[in-house]
Amino acid sequence: MGTTFTSNDLDIAVVGAGIVGVACALQLARQGKRVVLLDRQAPGMGASFGNAGHLATEQVFPIADLSILKRLPAMLMDPMGPLRLDWKYLPRALPWFVRLLLNLRSTPFRRSVAGLRALNETSLAAWQRLLGSIGQDELLREDGSLLVFEKPESRPLIDALQARMRQQNVAVEHWPAEAVKAAAPQLSEHLLGGLFFPATGHFLDPHQAVQALYEAARAIGVRFIRRDVRGGRVTADGVALHTDQGELSAKQVLIACGAHSAELTQALTGKRIPLDTERGYHLMLPREHGRLPFAVTSLERKFIMTPMAGGLRLAGTVEFAGLRSPPNMGRAWQLQHLSQGLFKRELDVGDATPWMGFRPSLPDSLPVIDRVGDGKVLLAFGHQHLGLTQAAVTAEMVAGLVGAEVAGLPGYERYRLGRF
C-alpha cells in the first residue's frame with residue numbers, strides 16, 4: 001500500500017496530470033495551496049502528449065454542425081474516413097449524438113459559440129502570462145496558422161467561413177495562391193489559396209510544455225503520485241479518493257482527467273455527465289524539418305500538419321469508439337496518405353511513429369469548469385479538441401473559483417455542471 005495523506009496535509013488533490021491538470025496545479029500552488037497531482041501515467045503522457053500542438057484560438061464553432069446527419073452513413077461504413085463512428089459503439093454513442101443534435105438548434109448553438117469564443121479570445125494572452133511566469137516563452141511560436149484549399153468548388157466554403165469568422169471577431173486574412181507560395185514555398189503550387197489566422201500559434205513540443213509546467217509546479221511544492229483514482233466520496237472534512245494504492249484524503253479535489261472524468265464526477269456529485277471521447281490520431285515524422293513555417297490545415301482533407309522540434313506532426317481525424325476499444329493505427333498512417341499531393345516533394349515517413357489519444361467531448365462542445373459540493377469538488381474537463389488551447393485560461397478560472405472570484409470569470413455560467 002502506498003503513502004497515505006490526510007486532509008491535514010493536503011489542500012487540493014488534482015486528478016489528472018495532463019496539460020489542464022498540471023497548469024491548474026501550478027496556479028493553485030501559487031495561491032499557497034498544498035497540492036498533489038494524481039495520475040495513472042507520468043505527467044503529460046495522455047492526450048497532452050500527442051495533440052496537434054496547434055493553439056487553435058480561431059476554432060470558435062462547435063465540433064459538429066447539421067451536416068453530420070448526411071455524413072452518418074459514411075461514418076459507419078468507412079473505417080478510414082475523417083469522421084468515423086464504430087458501429088459496435090453506436091448503441092452507447094447514440095444518446096450523446098442525440099444531445100449533440102439538440103445543441104445544434106439556434107439558441108444552444110449560439111450559446112456554445114459564445115462560450116468557445118469567450119475562452120479562446122483570452123487563451124493566447126493566458127498562455128503568454130503562464131509561459132512568461134516560468135521563463136519558457138520559447139515553447140510557443142506565435143506565428144499564426146493557415147487553412148488551405150485545393151478545389152475551385154471549395155472557394156464558396158472558404159468565403160463563407162471567412163465571413164462567419166469575422167462575425168465572431170476572429171482575426172482572419174484571405175490569402176491568394178501567391179501569398180501561400182511566398183510564405184510556405186514547399187507546399188504544392190496547385191493550392192488555390194487559404195485563410196490565415198494571425199492570432200494563433202503552435203507549440204514546438206506539447207509534451208515538453210507539460211513537463212516545463214510540472215517542473216515549475218514541483219519547484220514550489222506540488223507533489224506527483226502515480227495512482228489510479230477509481231472512485232471517491234465527499235466527507236465532512238473534504239473528499240476521500242479511492243485509488244489502486246489505498247485511500248487519499250484532501251480538503252478539495254479537482255477533477256481534470258479528461259475523457260476519464262465522468263465516473264469520478266458521478267461518484268462525488270451524483271451527476272451523470274454526457275462525456276464521450278473523440279479518439280484522435282497522429283503520425284510523427286522525425287525526418288521532416290523545415291517544410292512548414294507554421295501549422296497548416298487542409299480544408300478538403302481535414303487534417304493538420306504542425307512543425308515541431310521533433311519533426312512534422314500530422315494529426316486529425318475523429319473516431320467515436322469509446323475508451324476501451326484498441327486503437328486502429330491504420331487511421332494514423334492514413335494521415336500520410338492524406339498528405340500526398342500537398343507538397344512539391346512527398347514527405348519522408350522513415351522512422352515515423354503513430355499514436356492515438358482520447359479527446360474529452362461534451363455534446364455542446366463546451367468544457368465543464370465549476371465548483372460544486374460546497375466547494376469541495378472542482379471540475380475542469382471536456383475541452384474536446386481545445387485542451388491545449390484553453391489550458392492556461394482554464395487554470396486561471398480554476399484559481400478564481402478557489403479564490404471565490406467567480407463574478408469576473410468570462411461567461412462562467414456557460415461552463416457550469418448544472419447545465420446538464
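User: How many bridges join S3 to strand S9?

Analyst: Two strands pair if DSSP finds at least two bridges between them. Strands here are DSSP runs (E, at least two residues), and helices are runs of H or I, at least four residues, numbered from the N terminus. In this predicted model, local features need pLDDT of at least 70, side-chain atom pairs count only at pLDDT 80 or more, and totals for chains, interfaces and linings use all residues. Residues are numbered from 1 along each chain as its sequence is written, and side-chain values use heavy atoms, leaving out hydrogens and water. Two bridges join S3 to S9 (residues 201-203), and these strands run antiparallel. Leu55 stands opposite Gly201 in S9.

User: In what order do the three strands of the open sheet lie?

Analyst: The order is S3-S9-S5, with antiparallel pairing. S3 (54-55) and S5 (140-141) are the edge strands, each pairing on one side only.

User: Is Gln27 buried or exposed?

Analyst: Buried means under 20% relative accessible area, exposed over 50%, and partly exposed in between (1.4 Å probe, protein chains only). Gln27 is buried because its relative accessible area is 15%. Gln27 belongs to helix H1 (residues 19-30).

User: Which residues does Gln27 touch?

Analyst: Contact means heavy atoms within 4.5 Å. Leaving aside residues up to four places away in sequence, Gln27 touches Leu130, Ala395, Glu396 and Ala399.

User: What about Val98: which class does its accessibility give?

Analyst: Val98 counts as partly exposed, because its relative accessibility is 43%. Val98 lies in helix H4 (residues 90-102).
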